Amino acid sequence: MTRLPDPSVRPAGLADQFGRVARDLRVSVTDRCNLRCTYCMPAEGLPWMPRAEMLTDEEMLRIIGLFVRDGVTQVRLTGGEPLLRRSLVDLVAGIAALEPRPKIAMTTNGVGLERVARGLKEAGLDRVNVSLDTIDSQTFTQLTRRDRLADVEAGLRAASDAGLTPVKVNAVAMRGINDDSVADVLAWCLERGYELRFIEQMPLDAQHAWDRSDMITADEIRSQLSDRWELTPLPAADRGSAPAERFLVDGGPATVGIIASVSAPFCAACDRTRLTADGQVRNCLFSNTETDLRGPLREGATDEELLALMRGEMWRKRRGHGIGDPDFVQPDRPMSAIGG
Ligand code: SAM
């Protein structure tokens, strides 16, 4: 039996009661987005956060600095669409100046990346994940409600040219929409040297329309890909806290990842913590609670006081996300306002 740490003895840093320690901080830099992916947002968008509620760069950097001081080694910028934050390059430069310097990654839809990839690299961005669910332009337009596939392709090329490597592509497969072409997306990525990862669709849509029975599972994706390639699982020991089960494609060196967030959750190895654009710390994507840092910060809280709040939020992280439990309640915040 796994021995759990004694909850009355709380270790320093961003630890929880199940022995996990947060090292990977996801920062949502804005909740706004320029696509309207049907599984994420309604066509008309969402009521965006008022500017006054959003952290300024200075506030965001102070909080990220505290996370780094408390053991975070990787910062991933996300949203909403992170490229819509006008000061993004400066924010990246500010994070890169922290000591010890964390690794800096970004999850983006790639629209507009062509223009800023080099500037982001020069500011200190290390890697990007570009979300792309289909390489068919009609399906892309149907799925995102915007005709921007060419921009995403240009963004991917620019990321690769700028050395934001390895360039990863994230794809969600949806029944009746793009599930018959997952192999085409992999073939396309293999040709261009992008590392593809499929992610199971999760109950985080603003419309609350997710239905487990409709979800394309990791097993289905693996089976479809196996019709075209030989997939060899990489040893689980190489996985660490990474959520993707990775496979060599036809003996390698190319790989493909499959993230079974719902059908085989990786919560036991989760090392993530989250900061929303309006200054809330969340210990899980699916958490129904969060801790406000913005209020205390604007009222003059000291670093020690803010650290205590951050640690408190992490300490109450639950053992697992609980999707599938009878008492599971989807969080009020949609994915776009949490930071995917
Ligand atoms: N706009 C950026 C992008 O598109 O990458 C960052 C934010 S977006 C919310 C991050 C990722 O979440 C995207 O890859 C998107 O496909 C994924 N996503 C959104 N809703 C999802 C859901 N319900 N289940 C699984 N992934 C989802």
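**View 1. Who sits around the ligand: by class, five nonpolar, nine polar and two charged residues make up the shell.** Here Ala, Val, Leu, Ile, Met, Phe, Trp, Tyr, Cys and Pro count as nonpolar, Asp, Glu, Lys and Arg as charged, and the others, Gly among them, as polar. A quick word on what you are looking at: this is a predicted model, in which local features need pLDDT of at least 70 and side-chain atom pairs count only at pLDDT 80 or more, while totals for chains, interfaces and linings use all residues. Residues are numbered from 1 along each chain as its sequence is written, and side-chain values use heavy atoms, with hydrogens and water left out. In total, 16 residues surround the ligand, each with a heavy atom within 4 Å of it. The closest are Tyr39, Gly80, Glu81, Ser131 and Met202.

View 2. On its own the ligand exposes 540 Å², and the protein buries 94% of that (areas by the Shrake-Rupley method with a 1.4 Å probe; for residues, only the protein chains shown count as cover). Strand 2 (74-79) and strand 3 (103-108) are the elements that give two or more residues to the shell. Strands (E, at least two residues) and helices (H or I, at least four) are DSSP runs, numbered from the N terminus.

**View 3. Gly79, a residue of strand 2.** Gly79 counts as buried, at 6% relative accessibility. Buried means under 20% relative accessible area, exposed over 50%, and partly exposed in between (1.4 Å probe, protein chains only). Leaving aside neighbours within four places in sequence, Gly79 is in contact with Ser28, Thr30, Met335, Ser336, Gly339 and Gly340, contact being heavy atoms within 4.5 Å. Its C-alpha atom is 7.9 Å from that of Thr107, 28 residues apart along the chain.

**View 4. The largest nonpolar core, with 95 residues.** Such a core is a set of buried Ala, Val, Leu, Ile, Met, Phe, Trp, Tyr and Cys residues joined through side-chain atoms within 4.5 Å. Ile64, Leu77 and Leu225 touch the most other members. Helix 6 (residues 182-192) gives the largest share, seven residues. Among the contacts of Leu225, beyond four places in sequence, are Val182, Ala183 and Leu186.

**View 5. Helix 6 and its cover, which includes helix 5 (149-162) and helix 7 (218-226).** Val182, Ala183, Val185, Leu186, Ala187, Trp188 and Cys189 are buried in this helix. Just after the helix, Gly193 takes a positive phi of about 80°.

**View 6. Ser287, in the loop between strand 11 (280-282) and strand 12 (291-292).** Ser287 is buried, with a relative accessible area of 9%. Its side chain reaches the backbone oxygen of Thr289 at 2.7 Å. Not counting residues up to four places away in sequence, Ser287 touches Arg282, Glu313 and Pro331.

Note on methods: A polar contact is a pair of N or O atoms within 3.5 Å; within protein, one must be able to donate a hydrogen and the other to accept it, and residues adjacent in sequence count only if both atoms are side-chain atoms.
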